[in-house]
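Please read this report with the sequence and the 3D view side by side.

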Amino acid sequence: MLGHMTTITASIRLSKSKILSGLQCAKRLWLEINHPELRGDDPALEARLQAGTDVGVIARREWPDGILADESNYDRALAMTADWVANPARPLFEGFFAFDGVRIRPDALVPQPDGSIDLYEVKSSTSVKDYHLTDVTVQAWVLRNLGLPIGRVFLTHLDNTFVYPGGGDYRGLFRHEELTGFVAANAWQVPEWVARFRSVLGGSEPAILTGTHCHTPFSCPFFEHCDGKQPEFPVGLLPRGGKLVEQLRVVYNAGFERRMLRETAEHVPHLAKSLNLISERVVDLWPLTVISWYHPQMKGSWSLKKVLPTVASDLDYQANAVTHGGEAAEAIAEYVHPMTSKARRLEIADALREYCKLDTLAMVRLAHHLEAIA
Ligand code: SF4
């Protein structure tokens, strides 16, 4: 097995976390490697990392006879990993492995009586997230390619029904979710990711604009850097290009929009920073329209409903399943109702997406019209 182990050197440029970054956004991966100094501050990051570390340490009690490849002595940890691979008699925590330039440090590798080795990845969450599936798939791919007889694969997370009895007794704190089948079915994707991200890293900075992907599944630390580079009216992103303008900046009635952003931020705290940033960058077209545009068809009203047909008559809300804000609110209420079927939710989501697309296009067309007559 050792013959297959790739030596860990500074030239290795991918790790499990880099693959996860690349899957979120190729530009994030590129920036992490080429311009780490552009990362924004994340005051909560250290606390999150510490929480993850603490949970990992407690989880090791699940395998009391395990040994730790302690990174404080790197050479010793590497040697310990190599010894363990030659004779995997006891569980190994945080061993160092790499295959084809992809580095991993599995939380726990646990030898089984039949000679196979179970892989456990420990997370401080209370459920399995999509990106955890990617995480364990990459790890199993590396280990199997190194020749290790990986049997079952588990994601270990916190059990939210656990009640701490005190006295350092954490029995029952963890749940082990078996993901062996998922990993087997998805391992084929890993070499594709590796090839794709090597190609990204071999090229220039990817031209990717900010959008919802900047916050899913993680808040991207480069958001402030990227967002500052956004064009004011990114028309090139509109539906013709297959994407949407994903950030609200140009609006009609800024007071309402800012209030909505503020209230949303209160309900979704992990997006609050980004929503507040958007709120600060809102441009209100309503006062600009009032002072610079009038058409007899508006009949004395500067409501968007009256203005739009006079500047972009081809935009037809009536052709959509959702035609105005009131219907959009009703559609959302139906979407979140527990009795709404999955198929119906998909229909509603499509209708709302089309409505938002049209709304966004309307703002851009109005902005361009005002610019043209200025
Ligand atoms: S902020 Fe968004 S666009 Fe920029 S690197 Fe991060 S995920 Fe990509």
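## Loop residues

Ala319 is exposed: 9 other C-beta atoms lie within 10 Å. The model is a predicted one. Ala319 sits in the loop between helix H12 (304–311) and helix H13 (325–336). Its C-alpha atom is separated by 9.9 Å from that of Tyr355, and these two residues are 36 residues apart along the chain.

Now the backbone angles. Most residues other than glycine have a negative phi, and most peptide bonds are trans. Glu94 has a positive phi, near 60 degrees, and is not a glycine. Asp100 also has a positive phi without being a glycine, at about 50 degrees. Glu94 is found in the loop between strand S3 (92–93) and S4. Asp100 is in the loop between S4 and S5.

How buried or exposed are these loop residues? The table sets out the C-beta counts that decide the matter. A residue with 20 or more other C-beta atoms within 10 Å is buried, and one with 12 or fewer is exposed.

| Residue | Other C-beta atoms within 10 Å | Class |
|---|---|---|
| Ala319 | 9 C-beta atoms | exposed |
| Asp100 | 16 C-beta atoms | partly exposed |
| Glu94 | 20 C-beta atoms | buried |

Glu94 is buried because its count is 20, and 20 or more is what the class requires.

The bond from Thr216 to Pro217 is cis, with omega near 0 degrees. Pro217 lies in the loop between helix H7 (189–201) and H8.

## Strand pairing

Strands of a sheet pair through backbone hydrogen bonds, either parallel or antiparallel. Begin with the open sheet. It has 3 strands in the order S1-S5-S4, and its pairing is mixed. Strand S1 (14–15) and strand S4 (97–99) are at the edges, each with a single partner strand, so one side of each has no neighbour in the sheet. S1 pairs with strand S5 (residues 102–104) in the parallel sense, over 2 bridges. There, Ser15 has Arg103 of S5 as its bridge partner.

Strand S6 (residues 108–111) and S7 run antiparallel and are joined by 4 bridges. Ala108 stands opposite Tyr120 in S7. The hairpin of S6 and S7 has 5 residues between the strands, and Gly115 in this hairpin takes a positive phi near 95 degrees.

Which way does S7 pair with S8? Strand S7 (residues 117–122) and strand S8 (residues 150–158) are parallel, with 5 bridges. Val122 is bridged to Thr156 in S8.

Phe174 in S9 is the bridge partner of Leu158.

## One side of a helix

Which residues of helix H10 are buried? In H10 (residues 272–280) they include Ser274, Leu275 and Ile278. These three are on the same side of H10 because they cover an arc of only 100 degrees around the axis. The general rule is that an α-helix has 3.6 residues a turn, so residues three or four places apart point the same way.

## Around the ligand

The shell around the ligand has 13 residues, and the closest are Cys25, Arg28, Cys214, Cys220 and Cys226. Helix H2 (26–34) and helix H8 (223–227) each supply at least two residues of this shell. H2 gives the largest share, 3 residues. By class, the shell has 8 nonpolar, 3 polar and 2 charged residues.

## The whole chain

The protein chain has 14 helices and 11 strands. It contains 374 residues, of which 24% count as buried. Contacts between residues at least 6 apart in sequence were also sorted by separation: 66% of them join residues at least 24 apart.

How values were computed: Residues are numbered from 1 along each chain as its sequence is written. This is a predicted model: local features need pLDDT of at least 70, side-chain atom pairs count only at pLDDT 80 or more; totals for chains, interfaces and linings use all residues. A residue is near a molecule or strand if its C-beta atom, placed from the backbone, lies within 6 Å of it. Ala, Val, Leu, Ile, Met, Phe, Trp, Tyr, Cys and Pro count as nonpolar, Asp, Glu, Lys and Arg as charged, and the others, Gly among them, as polar. The arc is that of the directions from the helix axis to the C-beta atoms. Two strands pair if DSSP finds at least two bridges between them. Two residues are in contact if their C-beta atoms, placed from the backbone, lie within 7 Å.
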